Each structure stands twice: as structure tokens, then as C-alpha cells.
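Here is a short tour of the side-chain and backbone details worth a look in this model. Have the structure open as you read, and follow along topic by topic.

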Amino acid sequence: MRYETQALVRLARRYQNAKRAYLLVNPLQGKHMPVRPSASLEMMEALGDKLRRRFPEARLVIGFAETATAIGAAVARKISEDCVYLHTTREELPQVRSWVRFQEEHSHATDQKLCGDRLGDWIKATPQVIFVDDELSTGRTLRNFIAQLHEGFPELEGKQLVAASAVNRISPQNEALLEEAGCVCEALLRLPEEDYTARVSGFEAGAAEDCRDAGRPPARVEDRTVRLEAESPRTGVRIGDYHAACRKLAEEVMPWLRAQTRPEGNILVLGTEEFMYPALVLARAVETLGCRVVCHATTRSPIGICGQPGYPIYNGYRLDSFYQAGRDTYIYDLQPYDAAVILTDGAQNAPRALDTLTAALARAGCSDVLFLSGGNYV
């Protein structure tokens with residue numbers, strides 16, 4: 001499938017970020033903007049199809065947190081059920097013995113890391129390593145990351161490296177630098193160089209509404225513990241096993257949703273931060289009920305709120321994170337829904353975070369919530 005700019009790119013203003021003023025928002029990504037899950041997964045799988053045709057023997061896919069965690073999973077599954085899928089993380093995992101650490105310099109949260117415990121064996125077993133991001137802009141972060149991988153993993157020598165993304169706007173000069181590092185680029189959409197900083201200067205963007213001191217909202221919340229029976233992609237997992245576990249989790253909660261949902265109903269499925277792919281798989285299952293379903297996720301990205309025509313982020317709420325007390329997280333573009341399903345693997349701050357998120361949902365017109373807490377807890 002061919003994707004044009006209007007399908008994959010919206011321009012927003014980062015809120016109080018001195019390093020980069022703008023943010024390219026992908027409306028099909030299932031992150032910042034609500035999207036039909038089938039449309040989101042179709043876009044991700046289109047990238048996977050493109051990569052499978054060129055690199056059918058690849059067996060290691062590395063996604064970048066937090067926004068590309070779902071894209072990387074969908075790409076890995078399209079290439080082969082036997083692909084190992086591993087994504088970078090900003091979370092602390094005490095069981096991990098070895099980390100590859102790097103900086104994403106323009107980000108709101110610059111520190112990222114990749115679990116290295118079994119990485120050498122996985123690199124040995126594949127002719128190509130595919131790195132997946134939602135957007136490639138300069139390639140600097142990826143070049144630095146590849147250099148660190150070469151230092152720690154001599155098994156990478158001679159392997160073909162692939163930088164895959166939904167959107168690629170790397171200049172020819174920077175793409176040549178990636179090629180010098182042994183890395184070729186593949187994307188659904190390539191954009192010409194453009195001064196996005198100047199383009200967002202005309203947007204009067206404000207702060208997200210703060211829900212952190214809202215107290216317990218008048219919401220009907222059903223709390224269920226479910227089990228995602230697979231290893232975490234933060235430490236590496238066979239993608240066929242991970243997808244099967246996501247499908248099984250969806251099947252466990254479908255009876256409740258079937259009982260609660262009217263054919264003309266309006267349902268939201270929300271993931272949290274890096275935990276995006278299980279929410280998309282669940283949301284696609286909910287689509288079979290015939291109701292209107294959208295899916296997206298909380299995010300650590302502070303984005304300016306603006307009501308001007310053509311601006312993609314028209315409301316936003318500042319929340320507590322499910323993963324760490326004192327960490328800010330956000331949800332954008334909430335609408336009134338008959339019910340919302342929240343799916344998380346964050347346990348550390350879940351009660352407090354759930355209060356702030358249900359407060360945001362109530363303000364947007366949704367007070368019936370199913371909270372699903374499961375998976376390999378962080």
C-alpha cells in the first residue's frame with residue numbers, strides 16, 4: 001500500500017522544548033491521536049511487508065521506545081513469526097545484567113537503553129538487523145547507537161543493518177553517513193527537507209490540562225488482572241509467541257466487552273507509554289463487535305494544545321505515570337466514549353495513575369472504565 005504525506009504527517013508544536021520546537025505526529029501510529037486499530041496495524045504491516053520482500057531472512061528486529069514499540073512488533077511479525085523482537089526502553093529492569101545505553105538528544109527524555117543479555121546470540125543468528133522507528137530525521141542517534149553496538153558486540157561485523165521507519169526525512173548527506181556505518185534506509189514515506197521550526201512558529205500552543213490533583217473521579221471502574229503469557233520485548237521475545245499472548249489476552253476480556261457494548265457504541269482502548277502493541281491487538285479484536293473503536297496510548301511527550309484549524313492536538317491532559325511516581329505523562333485528543341479499556345504493564349504507580357487518567361476520561365465525557373493490569377510488570 002502506498003502512503004502519502006497527508007496520511008502519515010501532522011505538524012505539532014512541542015511544549016517548552018528548547019532543543020526542537022516541532023513534532024511530526026503520525027495519525028495512524030496509535031500514539032498521540034486516536035485511530036481505528038485496523039488502520040493503524042495496516043500501516044505498520046505495510047512497512048513490514050516492504051521489509052519482508054527485501055530482507056526475508058532477517059530474524060532480529062529492534063524497535064525504538066516509546067513511540068515505535070508497536071510498529072517494531074508489527075514489522076517483526078510480518079517478516080517472520082520466528083523473528084526476535086527487542087525494543088529499547090527508558091524503564092529500569094533489575095533482572096537485566098547488561099545494557100547498551102545511548103542518548104536521543106532532541107527528546108523530552110533523552111536516556112534510552114537496550115537489553116544486551118542475549119543480544120550477541122541473536123545477532124549471530126541473523127544476516128540482517130532491522131532497526132525500526134516511527135520517524136528518522138537526522139540519523140545521528142542511530143549512528144551513535146550502531147557505533148556502541150559494534151564496540152560491545154563483535155558479532156555485528158559483516159551484518160547488514162537496516163533503518164526502517166514509517167517516515168524518513170534524512171538528508172542525502174546524513175543518509176550517506178548511515179551507509180558508511182553499514183546501514184541502509186527503508187520507509188513508507190520520504191519527505192523533502194523543510195523548515196518545520198518556522199512552520200510551527202505561527203501556532204499559539206498552550207499546556208495540557210493538569211489532572212494530577214483531581215482526586216478520585218466519579219467513574220465506574222472495573223479492575224481486572226490479566227496475564228500476558230510471553231516474555232517482554234524489553235528483554236527480547238519471539239514475535240510469534242508475543243502476538244499469540246496478545247491475542248489470548250484479548251480473548252479473555254472479550255466476553256466482558258461483548259456484554260457491555262452496543263453495536264452503535266463508541267469504545268476507546270488505551271495503552272500506556274511503551275505498552276502499545278497489546279492494546280492495538282485488543283482494539284482490533286473489539287472491532288469485530290461492530291462498534292466504533294479507536295486506540296492510542298499515553299505518552300511522555302509534552303505537546304502544545306491548540307485549537308487552530310489543521311492543528312492535530314486539540315486537547316490534552318497531564319497525568320501521573322503508571323511506571324514511576326513523580327513522572328509526568330500525557331493523553332491527547334480525548335473524546336466522549338461509552339466505555340474505555342485501559343491496558344498497562346506498569347505496576348509501581350498504578351493506583352495513583354489510574355485516578356488521574358480516569359479523571360481525564362471523565363472530563364472528556366467517559367466514566368465507564370475497564371482497567372486491565374497484566375503482563376511482565378515494570
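A disulfide here is a pair of cysteine sulfur atoms within 2.5 Å. By this rule the count comes to zero disulfides. Please keep in mind that this is a predicted model.

**Cysteines**

- The closest cysteine sulfur to that of Cys 115 belongs to Cys 83 and is 17 Å away, too far for a bond.
- Cys 115 is also buried, at 1% relative accessibility.
- For Cys 291, the closest cysteine sulfur is in Cys 366, at 13 Å, which is again too far for a bond.
- Cys 291 counts as buried too, with a relative accessible area of 8%.

**Aromatic rings**

- There are 10 aromatic pairs in the structure.
- In one of these, Tyr 242 and Tyr 277 are stacked, because their ring centres are 6.0 Å apart and their planes meet at 20°, where planes under 30 degrees apart count as stacked.
- Tyr 242 belongs to helix 8 (residues 239–260) and Tyr 277 to helix 9 (residues 277–287), so this pair ties together parts that are 35 residues apart in sequence.
- Both partners are buried: Tyr 242 has 4% relative accessibility, and Tyr 277 has 3%.
- Elsewhere, ring pairs join Phe 64, Phe 102, Phe 131 and Phe 145 into a cluster.

- Helix 3 (residues 69–79) is largely enclosed by the rest of the structure, because nine of its 11 residues are buried.
- Among the buried residues of helix 3 are Thr 69, Ile 71, Gly 72, Val 75 and Ile 79.
- The buried residues of helix 3 pack against helix 2 (37–54), strand 3 (60–63), strand 4 (84–87), strand 7 (128–136), helix 8 and helix 9.
- Helix 9 is likewise largely enclosed by the rest of the structure, since nine of its 11 residues are buried.

**A buried histidine**

- You will find His 32 in the loop between strand 2 (22–25) and helix 2.
- His 32 is buried, with a relative accessible area of 3%.
- Leaving aside residues up to four places away in sequence, His 32 touches Leu 23, Val 25, Thr 67, His 296, Thr 299, Ser 301, Ile 303, Ile 313 and Tyr 332.

**Backbone angles to check**

- Most residues other than glycine have a negative phi, and most peptide bonds are trans.
- The peptide bond from Ala 65 to Glu 66 is cis, with omega near -5°.
- Glu 66 is located in the loop between strand 3 and helix 3.
- Gln 16, in the loop between strand 1 (10–13) and strand 2, has a positive phi near 55°.
- Glu 273, in the loop between strand 13 (266–272) and helix 9, has a positive phi as well, near 50°.
- Are these two residues buried or exposed? Gln 16 is exposed, at 69% relative accessibility, whereas Glu 273 is buried, at 2%.

Conventions:
Residues numbered from 1 in each chain as written. Predicted model: local features only at pLDDT ≥ 70, side-chain atom pairs only at ≥ 80, totals over all residues. Heavy atoms only, no water. Phe/Tyr/Trp six-rings, centres within 6.5 Å; stacked < 30°, edge-to-face > 60°. Helix = DSSP H or I, 4+ residues; strand = E, 2+ residues; numbered from the N terminus. Buried < 20%, exposed > 50% of the residue type's maximum accessible area, 1.4 Å probe, protein only. Contact = heavy atoms within 4.5 Å.
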